[in-house]
Amino acid sequence: MTFVPLTTWREYAPSFMQRRADDFRDELTRRRTVRQFSDRPVPRKLIETCLLAAGTAPSGANLQPWHFVVVGTGETKARIREAAEREEHDFYHNRAPREWLEALAPLGTDEHKPYLETAPWLIAIFAERYGVSASGEKFSHYYVQESVGIATGFLIAALHHAGLVTLTHTPSPMGFLNEVLGRPAHEKPFLLLVVGYPAADAQVPDIGKKGIEEIATFV
Ligand SMILES: Cc1cc2nc3c(=O)[nH]c(=O)nc-3n(C[C@H](O)[C@H](O)[C@H](O)COP(=O)(O)O)c2cc1C
């Protein structure tokens with residue numbers, strides 16, 4: 001392994017650091033999960049750039065155990081919608097425990113997922129349970145869930161920063177994504193990100209976030 005000097009870190013004056021932190025918090029505070037999308041096109045290059053931002057995420061042993069399948073064709077989106085709505089119908093009507101349905105009630109979600117066809121892009125995120133070398137040999141991945149979760153967070157933040165909106169969607173179970181998207185069995189669907197512009201009349205639930213005393217303890 002070779003080492004190089006750390007040239008990417010920037011030092012800021014403390015007051016400037018606070019301003020940057022305030023600005024970043026304010027920007028992230030404006031992010032909302034959107035469930036009504038416009039069909040307005042979004043350039044592929046913009047999505048690629050946000051994916052590269054996601055790919056900078058830290059990961060266990062830097063093995064980067066993620067794969068993003070970006071869906072932009074109507075036919076594939078329709079297949080995903082059909083399979084997702086089938087699973088979600090079963091979830092809402094048969095499988096979901098009452099407590100879970102009660103938690104979802106304020107969000108107004110149900111088994112209908114028109115946005116899976118309306119939005120210009122769907123990004124299916126897969127977690128690689130293990131790696132496969134060029135010669136076909138398996139090798140271990142470490143902290144896969146944690147790593148993919150962090151990369152997904154980076155991706156959501158990057159898309160928001162670029163001026164797009166997202167919906168974090170987890171049709172349960174998501175195994176159909178392997179079949180529809182032709183991904184191998186060792187790649188586990190992590191979640192499906194719906195990406196685009198909001199519909200002109202989009203509305204979001206009036207919800208709040210916990211304050212500092214609730215989410216943090218300083219010792
Ligand atoms: C792991 C995860 C799974 C989610 N799954 C769904 C989903 O399947 N359908 C949906 O409408 N929203 C889903 N959401 C979005 C949440 O409902 C949303 O983030 C939450 O209500 C807070 O709203 P906000 O994102 O606007 O702050 C999911 C969010 C996360 C983090």
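Reader: Which strand does V165 lie in?

Author: V165 belongs to strand β5, which covers residues 165–169. Helices (H or I, at least four residues) and strands (E, at least two) are runs assigned by DSSP and numbered from the N terminus. This is a predicted model, in which local features need pLDDT of at least 70 and side-chain atom pairs count only at pLDDT 80 or more, while totals for chains, interfaces and linings use all residues. Residues are numbered from 1 along each chain as its sequence is written, and side-chain values use heavy atoms, with hydrogens and water left out.

Reader: And is V165 buried or exposed?

Author: V165 counts as buried, because its relative accessibility is 16%. Buried means under 20% relative accessible area, exposed means over 50%, and partly exposed is in between, with a 1.4 Å probe and protein chains only.

Reader: How far apart are V165 and T109 in space?

Author: From C-alpha to C-alpha they are 17 Å apart, and in sequence 56 residues separate them.

Reader: Stepping back, how many helices and strands does the protein chain have?

Author: The protein chain has eight helices and six strands, and from the N terminus on their order is α-α-β-α-α-α-β-β-β-α-β-α-β-α. Its C-alpha atoms fill a box of roughly 55 × 50 × 40 Å along the principal axes, and 35% of its 219 residues count as buried.

Reader: Now the ligand: which residues surround it?

Author: The ligand is surrounded by R31, R32, T33, R35, L107, T109, L167, T168, H169, T170, I207 and K209, where being near a molecule takes a heavy atom within 4 Å of it. By class, that shell has three nonpolar, five polar and four charged residues. In this scheme Ala, Val, Leu, Ile, Met, Phe, Trp, Tyr, Cys and Pro are nonpolar, Asp, Glu, Lys and Arg are charged, and the others, Gly among them, are polar.

Reader: What is 2.6 Å from an oxygen atom of the ligand?

Author: That is an N or O atom in the side chain of R35. An oxygen atom of the ligand is also 2.7 Å from an N or O atom in the side chain of R32, and K209 has a side-chain N or O atom 2.7 Å from a ligand oxygen. Taken alone the ligand exposes 620 Å², and the protein buries 69% of that; accessible areas come from the Shrake-Rupley method with a 1.4 Å probe, and for residues only the protein chains shown count as cover.

Reader: Moving to the loops, where is S38 found?

Author: S38 sits in the loop between α1 (14–29) and α2 (44–54). It is buried, because its relative accessibility is 17%. The S38 side chain reaches the backbone nitrogen of R40 at 2.9 Å. This is a polar contact, a pair of N or O atoms within 3.5 Å; within protein, one must be able to donate a hydrogen and the other to accept it, and residues adjacent in sequence count only if both atoms are side-chain atoms.

Reader: Which backbone oxygen lies 2.6 Å from a polar atom of the H160 side chain?

Author: That is the backbone oxygen of E27. H160 lies in helix α6, residues 144–162, and H160 counts as buried because its relative accessible area is 9%.

Reader: What is phi at A61, roughly?

Author: Phi of A61 is near 55°, a positive value in a residue other than glycine, and Q64, also not a glycine, has a positive phi of about 50°. Most residues other than glycine have a negative phi, and most peptide bonds are trans. A61 lies in the loop between α2 and β1, and that loop also holds Q64. A61 counts as exposed because its relative accessibility is 59%, whereas Q64 is partly exposed because its relative accessible area is 34%.

Reader: Which peptide bond is cis?

Author: The bond from S172 to P173 is cis, with omega near -5°. P173 is in the loop between β5 and α7 (176–181).

Reader: And P65, is that proline buried or exposed?

Author: P65 is buried, because its relative accessibility is 0%. P65 is found in the loop between α2 and β1 (66–71), and its C-alpha is 5.9 Å from that of A127, although the two are 62 residues apart in sequence.
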